[in-house]
Amino acid sequence: MIKKYFDRVLSSVTKGELIFWWIMRLAMIGGIITTLILYSQANAQGLDANVVHDTWAFAPQVKFNIEKGVYEFSTYNALQMSANLVGLFAFEISQMFSKKSALRYLPAYYQNFSALQFFLTSFGGAFCNFYYSIPGFDKVLHATGCALAVFMGYELVGAIQRRDKVTVPKNIAVVYAVGIAFIFAAAWELFEFTTDQWFGFDAQHWSYRNALVEAGLPLDSADLNGLFNFIPLKGFSGEEQKMRFAIMDTMTDAILNAVGSIVMFIVLTIKPYLHSGSKDLNKMIEDEKAAEKADK
């Protein structure tokens with residue numbers, strides 16, 4: 001049974017894809033181990049997290065405590081990378097499901113894109129601090145993430161078709177894919193709200209003070225425009241910017257989610273690759289059914 005599983009996985013994946021996936025996986029594992037080692041060393045040596053952050057810009061083992069207003073040593077980034085590491089094995093996990101699950105019929109190539117998104121989000125954003133060192137990094141990931149969600153929704157339609165051997169009009173398949181993307185986008189914002197509300201996180205940047213600290217800006221900064229690179233706040237005073245900070249973060253996320261989804265919707269409307277050309281699933285299913293009928 002285990003041999004069949006590995007044969008199924010390896011027969012669906014190219015050597016180049018395996019190399020690409022494992023480069024990201026090993027980098028993620030390295031980031032997790034590095035963070036845990038630095039965390040252990042800091043605690044053993046009795047170092048001060050504020051000093052470490054001030055003297056060493058690359059400090060993944062350090063996290064700002066909003067309530068106390070100070071930096072503390074934390075395994076948060078290691079835990080985040082560990083959770084995202086699971087996503088880098090999504091295809092292998094999907095192949096563990098029975099033939100009754102549509103996930104079993106997803107092609108391996110989708111992981112080239114989904115794994116890269118997980119990697120950039122966790123290793124790039126959290127471990128390397130790209131969320132604050134690269135302007136607009138988080139917003140770009142929201143746009144590409146929702147474009148990916150539409151792509152994944154479209155692939156899911158194809159997987160359901162392969163499993164159930166049913167035809168679906170291409171325009172319906174694309175609209176379904178967009179709907180899936182918006183569900184994912186809404187679910188993510190609900191997740192951010194939940195973690196902020198009940199677990200003391202700052203995913204929605206309700207604390208402009210925390211964002212200023214993470215971005216390396218002075219706490220007495222009167223202009224928050226540097227934290228928003230897509231929707232300027234120049235029409236508002238410094239105090240008004242602080243009051244609108246959290247809603248601006250959430251709404252720019254929502255806007256870019258929509259932009260990414262719409263762009264991919266247009267792409268798939270022009271080129272519905274699963275429902276056109278030599279790989280037209282509808283035609284393949286119809287031909288298969290006709291052949292089965294002829295055999296009877």
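Keep in mind that the model is predicted.

Helices first. Two packed helices are described by the angle between their axes and the distance between the axes. Take helix α6, residues 110–127, and helix α8, residues 137–164. They pack at an angle of about 160°, and their axes are 11 Å apart. Angles over 145 degrees count as roughly antiparallel, so α6 is roughly antiparallel to α8. The crossing of the two, α6 and α8, is left-handed.

Which residues of α6 and α8 make the contact? From α6, we have Y110, F113, S114, Q117, L120, T121, G124 and G125. From α8, we have F137, L141, T144, G145, L148, F151 and M152. Now sort the contact of α6 with α8 by class. Eight residues are nonpolar, seven are polar, and none is charged.

Next, the aromatics. How many aromatic pairs does a search of the whole structure find? The count is 12. I will show two of them.

Pair one is F119 with F123. The ring centres are 4.9 Å apart and the planes sit at 10°, so F119 and F123 are stacked. Both residues lie in helix α6. They are four residues apart, about one turn of the helix. Are they buried or exposed? F119 has a relative accessible area of 16%, so F119 is buried. F123 also has a relative accessible area of 16%, and F123 is buried.

Pair two is F193 with W198, and this one is edge-to-face. Centre to centre, F193 and W198 are 6.2 Å apart, with 85° between the planes. F193 is partly exposed, at 38% relative accessibility. W198 is exposed, because its relative accessible area is 60%, and the cut-off for exposed is over 50%.

There is also a cluster. Ring pairs link F113, F151, Y154 and Y273.

Last stop, L106. Where does L106 lie? It is in the loop between α5, residues 90–94, and α6. L106 counts as buried, because its relative accessibility is 7%. What does L106 touch, leaving aside its neighbours within four places in sequence? The contacts are F91, Q95, E155, L156 and A159. One distance to finish on. L106 and V157 are 51 residues apart in sequence, yet 9.4 Å apart in space, C-alpha to C-alpha.

Key
Residues are numbered from 1 along each chain as its sequence is written. This is a predicted model: local features need pLDDT of at least 70, side-chain atom pairs count only at pLDDT 80 or more; totals for chains, interfaces and linings use all residues. Side-chain values use heavy atoms; hydrogens and water are left out. Axes are lines fitted to C-alpha atoms, for helices over the stretch in contact, and angles run from 0 to 180 degrees between N-to-C directions. Angles under 35 degrees count as roughly parallel, over 145 as roughly antiparallel, 65 to 115 as roughly perpendicular and the rest as oblique. A crossing is left-handed if the near helix is turned anticlockwise from the far one by less than a right angle, and right-handed if clockwise. Contact means heavy atoms within 4.5 Å. Ala, Val, Leu, Ile, Met, Phe, Trp, Tyr, Cys and Pro count as nonpolar, Asp, Glu, Lys and Arg as charged, and the others, Gly among them, as polar. Rings of Phe, Tyr and Trp (its six-membered ring) pair if their centres lie within 6.5 Å; planes under 30 degrees apart count as stacked, over 60 as edge-to-face and the rest as tilted. Buried means under 20% relative accessible area, exposed over 50%, partly exposed in between (1.4 Å probe, protein chains only).
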